[in-house]
Amino acid sequence: MIFPFALEICIFRNNVYSVLSNGEWGSFLGSYIGGALGGIGTLLAVYITTKETRKIQQENLAQIESERKRNEKTERKKFADEIAKDIATYITDISKYFYACRFSKRLDDEERSLNDELKQISEKYHALDKSNIDNDTQEYIAVQNELEKLKQKELEVKYQIERKSKEIEQNRANRTIASERYFLLKIKLQNIESGADILKQLKRIHDNSGNVEETDLYFISTETDKLLNMTVQFVDRYVNQKLI
């Protein structure tokens, strides 16, 4: 709207001599200014379009990166949950094995004691000799009664030994599940630096779980508590990328 008035004042009404008429100047300047304005408009459109395109691309890249990080965290969370589940299964089975070993030792000691008692009864039984004693005498009757008591005691002890043997068989220690989890955890954590402490603690527990002679009753609870704490710290660092 301003250009026609500016041309009228600055070009058509000035005193500068020109070989071109005002009409020719008007036609030239109209075409020139129109072309310039069109070019400027095109450049502005390209600039705005490019700027908006870059903005959209940056938003898309930010969204893709955010989605990638979210997917990675989901995968890390899934892996950490598997580790925690394996640890929980391992602790449950190895604790059962640990206490079973101690109970089995007690049962073995009791069975050994019963066998010693049976041996003593047998020795006493064979030590009593009534062949040189007259029948119907007090001595003969006393020996006969003692032999019958020993025989009865022998039957009772044999019955107890039989029951004890069945109990030992039923309580036979087994750590198959714990061993399976132990080797799975070694495979999963062997290339993760922060999993080294967990593997070291697992080995300590696994190697000593059946060692009745050199471990006390509180060994398994103390060491599995340490393992649980290590696992909680590992899961937190791994899921939130606080480890290398």
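Which backbone oxygen lies 2.7 Å from a polar atom of the side chain of Ser95? In this predicted model, the atom to find is the backbone oxygen of Ile91.

**First selection: Ser95.** Display helix α2, residues 22-127, in which Ser95 is placed. Ser95 has a relative accessible area of 17% and is therefore buried, the cut-off being under 20%. With residues up to four places away in sequence set aside, Ser95 touches Ile220 and Thr224. Both of these residues belong to the α6 side of the contact between α5 and α6.

Select residues 196-208 for helix α5 and residues 219-239 for helix α6. Their axes are 10 Å apart, and the two helices pack at an angle of about 160 degrees. Because that angle is over 145 degrees, α5 is roughly antiparallel to α6. The crossing of the pair is left-handed.

Next, show the side chains of the contact. From α5, colour Asp197, Ile198, Gln201, Leu202, Arg204, Ile205 and Asn208. Their counterparts in α6 are Phe219, Ile220, Glu223, Thr224, Lys226, Leu227, Met230, Thr231 and Phe234. By residue type, this contact comprises eight nonpolar, four polar and four charged residues.

Centre the view on Leu202, in helix α5. Leu202 counts as buried, with a relative accessibility of 0%. Beyond residues up to four places away in sequence, Leu202 touches Ile87, Tyr90, Tyr182, Leu185 and Leu227. To finish, select the C-alpha atoms of Leu202 and Tyr90: they are separated by 9.1 Å, although the two residues are 112 residues apart along the chain.

Note on methods:
Residues are numbered from 1 along each chain as its sequence is written. This is a predicted model: local features need pLDDT of at least 70, side-chain atom pairs count only at pLDDT 80 or more; totals for chains, interfaces and linings use all residues. Side-chain values use heavy atoms; hydrogens and water are left out. Axes are lines fitted to C-alpha atoms, for helices over the stretch in contact, and angles run from 0 to 180 degrees between N-to-C directions. Helices (H or I, at least four residues) and strands (E, at least two) are DSSP runs, numbered from the N terminus. Angles under 35 degrees count as roughly parallel, over 145 as roughly antiparallel, 65 to 115 as roughly perpendicular and the rest as oblique. A crossing is left-handed if the near helix is turned anticlockwise from the far one by less than a right angle, and right-handed if clockwise. Contact means heavy atoms within 4.5 Å. Ala, Val, Leu, Ile, Met, Phe, Trp, Tyr, Cys and Pro count as nonpolar, Asp, Glu, Lys and Arg as charged, and the others, Gly among them, as polar. Buried means under 20% relative accessible area, exposed over 50%, partly exposed in between (1.4 Å probe, protein chains only). A polar contact is a pair of N or O atoms within 3.5 Å; within protein, one must be able to donate a hydrogen and the other to accept it, and residues adjacent in sequence count only if both atoms are side-chain atoms.
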